[in-house]
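Thanks for coming. Please have a look at the structure on the screen before I start talking.

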Amino acid sequence: MDRFKAIWITRDEETKKQHPAQIAEISGDDLMEGNVTVKVEHSTINYKDGLAITGTSPVVRRFPMVPGIDTSGEVISSDHPDYAKGDKVILNGWGVGETHLGAYADFARFNGDWLIPKPDGLTGAQCMAIGTAGYTAMLCVLALERHGITPDRGPILVTGAAGGVGSVAIAVLGKLGYHVIASTGRASEEGYLKDLGASEIMDRAELSEKGRPLGKERWAGAVDAVGSMTLANVLAQTQYGGAVAACGLAQGMDLPSTVMPFILRGVSLLGVDSVMAPRPIRIEAYDRLVADLDQDKLQSLSRTIGFDDVIGTAGELLEGKVRGRLIVEI
Ligand code: NDP
């Protein structure tokens, strides 16, 4: 394996401060342990990738690091029984891009147990248009379904609507027949959100300030990518017996709530993690994405950027300037 390009993050070992991410040339010897080597074809930029590249939060926990939590590509060598040279595979999470060298490089080496075969019915690029954000959106939908939140129960609120998790959640829930309320700070995206499947648009400012412990019952369920005060208000306005799938912290990691929604309305808070989710639920989520995410909608919520644009775009994503999902051509 000749030298190849990668986004490379180092730190000052004295101050422990992360240096700005840069494009570097690395070699196969720099890659970490693993039994499957992949030629990376596509990746994406998730919120967490934005945090890693900019160093805004301590996402990177091993230096040097190649960030990039999502990979799609082709196996070039394998000692894992499930994979052989030429297989198309994808990977989401498992600490890749945090503790294990990630996707923003021509080649990556992984533990084969972290991979899943590229789902039939999706291209590698489409899998990255979905990426961790979209697969997490589907985990949220599955969590609500398991709780019995069917379309006839009432509206579903989606917060962080114009972001990655929100956009995919709206497209899926809309197709499944739910009445979707999209909470966004970007009024200019009303047309985009309605085309994806939202029935109503709500200004996120309605939810972002301290509210009452219990409010009017407005939705049967919610997909929350925002956390903090927003999640507290979402819970306080969830109908009797409803449920909120919480996956994100775009507003903050705190939850300034009370027990009132839980003990007076039987509301359930469903935690959703994508990083360490077991393999069967990943396969289930992708099967459902193939069935329940319209490919035209997936195209309308995603756009493609080049490898050289990743570092600059990561900062824009954290500033809330990126709509929907990004595909990165490696
Ligand atoms: P994006 O940056 O694509 O979207 C986040 C959206 O949140 C923004 O587009 C914006 O939506 C909204 N938002 C941003 N800042 C604020 C704020 N201060 N108050 C209220 N809303 C805000 O990120 P993703 O969709 O990729 O990820 C969303 C969240 O989910 C992140 O916190 C991420 O870490 C988390 N996540 C968690 C996973 C898990 O496994 N649990 C997996 C994937 C993501 P709008 O412009 O419409 O208002």
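This is a predicted model: local features need pLDDT of at least 70, side-chain atom pairs count only at pLDDT 80 or more; totals for chains, interfaces and linings use all residues.

The domain assignment gives domain 1, residues 3-118 plus 298-329, and domain 2, residues 133-271. Their C-alpha centres are 29 Å apart.

How much area do domain 1 and domain 2 bury between them? The value is about 920 Å², with 59% of it on carbon and sulfur atoms. In terms of residues, 11 from domain 1 are in contact with 15 from domain 2. Five residue pairs are in polar contact between the two domains, and one salt bridge is found across the interface.

Now the inside. The largest nonpolar core has 51 residues, and Ile 170, Leu 173 and Leu 289 touch the most other members. Several helices and strands supply at least two residues each, among them α3 (164-175), β9 (180-184) and α8 (279-292). Which element gives the most to this core? That is α2, with 14 residues. Both domain 1 and domain 2 give residues to this core, so it lies between them.

Take Ile 170 as an example. Leaving aside its neighbours within four places in sequence, Ile 170 is in contact with residues including Val 158, Val 180, Leu 193 and Ala 198. There is also a second, separate core of 44 residues, and Ile 26, Val 36, Val 89 and Leu 115 are among its members.

Next, charges. The count of salt bridges comes to 17. In one of them, Lys 88 meets Glu 74, at 3.0 Å from N to O. This pair links distant parts of the chain: Lys 88 sits in strand β5 and Glu 74 in strand β4, 14 residues apart. Lys 88 is partly exposed at 35% relative accessible area, and Glu 74 is partly exposed at 27%.

Glu 190 and Lys 194 form another salt bridge, also with 3.0 Å between the closest N and O atoms. Here both residues lie in helix α4, four residues apart, which is about one turn of the helix.

The last pair is Arg 265 and Glu 217, at 3.6 Å. Arg 265 is in helix α7 and Glu 217 is in the loop between α5 and β11, so the pair ties together parts that are 48 residues apart in sequence. Is Arg 265 buried or exposed? At 12% relative accessibility, Arg 265 counts as buried, whereas Glu 217 is partly exposed at 39%.

How values were computed. Residues are numbered from 1 along each chain as its sequence is written. Side-chain values use heavy atoms; hydrogens and water are left out. A nonpolar core is a set of buried Ala, Val, Leu, Ile, Met, Phe, Trp, Tyr and Cys residues joined through side-chain atoms within 4.5 Å. Buried means under 20% relative accessible area, exposed over 50%, partly exposed in between (1.4 Å probe, protein chains only). Domain bounds come from an automatic or database domain assignment. Contact means heavy atoms within 4.5 Å. Buried area is the accessible area (1.4 Å probe) that two parts lose on being put together, summed over both. A salt bridge is a side-chain nitrogen of Lys or Arg within 4 Å of a carboxyl oxygen of Asp or Glu. A polar contact is a pair of N or O atoms within 3.5 Å; within protein, one must be able to donate a hydrogen and the other to accept it, and residues adjacent in sequence count only if both atoms are side-chain atoms.
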